[in-house]
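Subject: Structure for you to look at

Hello,

Please find the structure below.

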Amino acid sequence: MPSSFSLLGNNYAFETKYISEVLNIKDITKIPGAPNIIEGVINIRGSIVPVINTKELFSFGSIGLTEQNRLIILSHKDISLGIICDSINDIINSYYTDIKPVPPNISKTLESFSTGVLNNNTLLLDPIKIITSSSIIINK
């Protein structure tokens with residue numbers, strides 16, 4: 001079942017099996033010289049987890065963080081990644097048969113991370129595509 005969140009007034013979702021936890025934003029340590037897409041890192045019970053500025057990832061531009069922002073920790077195999085969202089919404093009762101194709105008017109950047117649209121117009125995102133995206137890998 002997908003779990004939804006909002007970003008700039010639009011609704012997005014991930015399959016709940018990829019979400020290990022949701023946290024308040026606190027103590028993000030900046031990484032000098034990192035691209036704008038990398039907000040920094042956090043320490044979660046002794047593990048260092050990179051934090052991605054989702055608005056930058058989706059090419060929405062950057063808007064400062066507030067206390068209302070939340071951090072979704074995505075996990076796949078041995079990789080964890082935090083993504084920033086504006087707020088957490090609900091778990092959506094939806095089935096794979098309810099998923100519609102991504103509309104043609106969506107940006108190419110956002111389309112590259114999407115798997116379809118749920119019946120309540122929530123864009124379903126693919127966390128594996130985000131976790132493995134070349135735009136968040138730093139090779140310096």
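Here is what was found.

This is a predicted model, in which local features need pLDDT of at least 70 and side-chain atom pairs count only at pLDDT 80 or more, while totals for chains, interfaces and linings use all residues. Residues are numbered from 1 along each chain as its sequence is written, and side-chain values use heavy atoms, with hydrogens and water left out.

The chain has three helices and 10 strands, in the order β-β-β-β-β-α-β-β-β-α-β-β-α. Helices (H or I, at least four residues) and strands (E, at least two) are DSSP runs, numbered from the N terminus. Of the 140 residues, 40% are buried. Buried means under 20% relative accessible area, exposed over 50%, and partly exposed in between (1.4 Å probe, protein chains only).

The count of salt bridges comes to four; a salt bridge is a side-chain nitrogen of Lys or Arg within 4 Å of a carboxyl oxygen of Asp or Glu.

One of them joins Arg-45 and Glu-21 at 2.6 Å, N to O. Arg-45 lies in the loop between β4 (38-44) and β5 (47-52) and Glu-21 in strand β3 (residues 19-24), so the pair ties together parts 24 residues apart in sequence. Arg-45 is exposed at 70% relative accessibility, whereas Glu-21 is buried at 19%.

Another joins Asp-86 and Lys-55 at 2.9 Å, N to O. Asp-86 sits in the loop between β7 (79-85) and β8 (87-91), and Lys-55 in helix α1 (residues 54-57), 31 residues apart.

Regards
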